[in-house]
Amino acid sequence: MQPFTTLTSTPAPLKVVNVDTDMIIPKQYLKTIKRTGLGTALFSEMRYQEDGSENPDFVLNQPAYRKAQILVAGDNFGCGSSREHAPWALLDFGIRCVISTSFADIFYNNCFKNGILPIKVTPEQLDALFDDAERGSNATLTIDLEAQTIKGPDGGEIRFELDPFRKHCLLNGLDDIGLTMEKATKIEAFEEKLKQREWA
């Protein structure tokens, strides 16, 4: 998993509340178990028209936001089913950070396991971030995970809270497998002791 340290990007404003995981990645794309290749299907029902062409009104199709790595979203982002394909699709598109007032618990946890930083802010802070995001390519946000800050284009700063263990995992690029491999030496020593007992 790629470590998350600092990130500077134009933020894309998605002023929609209760964005569920089916909106993030519709069910017809759930046949794959690969973590890659889902970026083109991200928000597909909002992003594409019936003939398959891009919907020019959708934020991620607009020139300023096509390469956005930060998504500023409405309340209760990631609700609905527990599909891990949702963070896979966000990450494959290039989104490394989602900012909202609240997240569904399972989606929130899945983000950390896939290298995405979900940040919770107050409603007032979210309004300010929407204002920044709506300025398009004229404005960027900088996320500093170590300092736990969001720096705005005009020098403003928002501090956010984060569980220390989750912070450690993101800073070091540790998913569940990575965490296990950190204990490889102890695991090998334990297995060696078991072998010795079996032969005793």
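This is a predicted model: local features need pLDDT of at least 70, side-chain atom pairs count only at pLDDT 80 or more; totals for chains, interfaces and linings use all residues.
Strands pair through backbone hydrogen bonds, in either a parallel or an antiparallel manner. In this model, four strands form an open sheet in the order β1-β6-β7-β8, and their pairing is antiparallel.

The partner of β1 is strand β6 (residues 141–144), to which β1 is joined by four bridges in an antiparallel arrangement. Within this pair, T6 lies opposite D144 in β6.

## Strand β2 and its parallel partner

Strand β2 (residues 11–14) is joined by four bridges to strand β3 (residues 70–73), and the two run parallel. L14 stands opposite A73 in β3.

Both faces of β2 are covered. P11 and P13 are buried on one side, while A12 and L14 are buried on the other.

## The contact of helices α3 and α4

Two packed helices are described by the angle and the distance between their axes. For helix α3 (residues 85–93) and helix α4 (residues 105–113), the axes come within 9 Å and cross at roughly 50 degrees. This angle makes α3 oblique to α4. The crossing of the two helices is right-handed.

On the α3 side, the contact involves A86, P87 and L90, which meet F107, N110 and C111 in α4. By class, this contact comprises five nonpolar residues, one polar residue and no charged residues.

Key:
Residues are numbered from 1 along each chain as its sequence is written. Side-chain values use heavy atoms; hydrogens and water are left out. Two strands pair if DSSP finds at least two bridges between them. Buried means under 20% relative accessible area, exposed over 50%, partly exposed in between (1.4 Å probe, protein chains only). Axes are lines fitted to C-alpha atoms, for helices over the stretch in contact, and angles run from 0 to 180 degrees between N-to-C directions. Angles under 35 degrees count as roughly parallel, over 145 as roughly antiparallel, 65 to 115 as roughly perpendicular and the rest as oblique. A crossing is left-handed if the near helix is turned anticlockwise from the far one by less than a right angle, and right-handed if clockwise. Contact means heavy atoms within 4.5 Å. Ala, Val, Leu, Ile, Met, Phe, Trp, Tyr, Cys and Pro count as nonpolar, Asp, Glu, Lys and Arg as charged, and the others, Gly among them, as polar.
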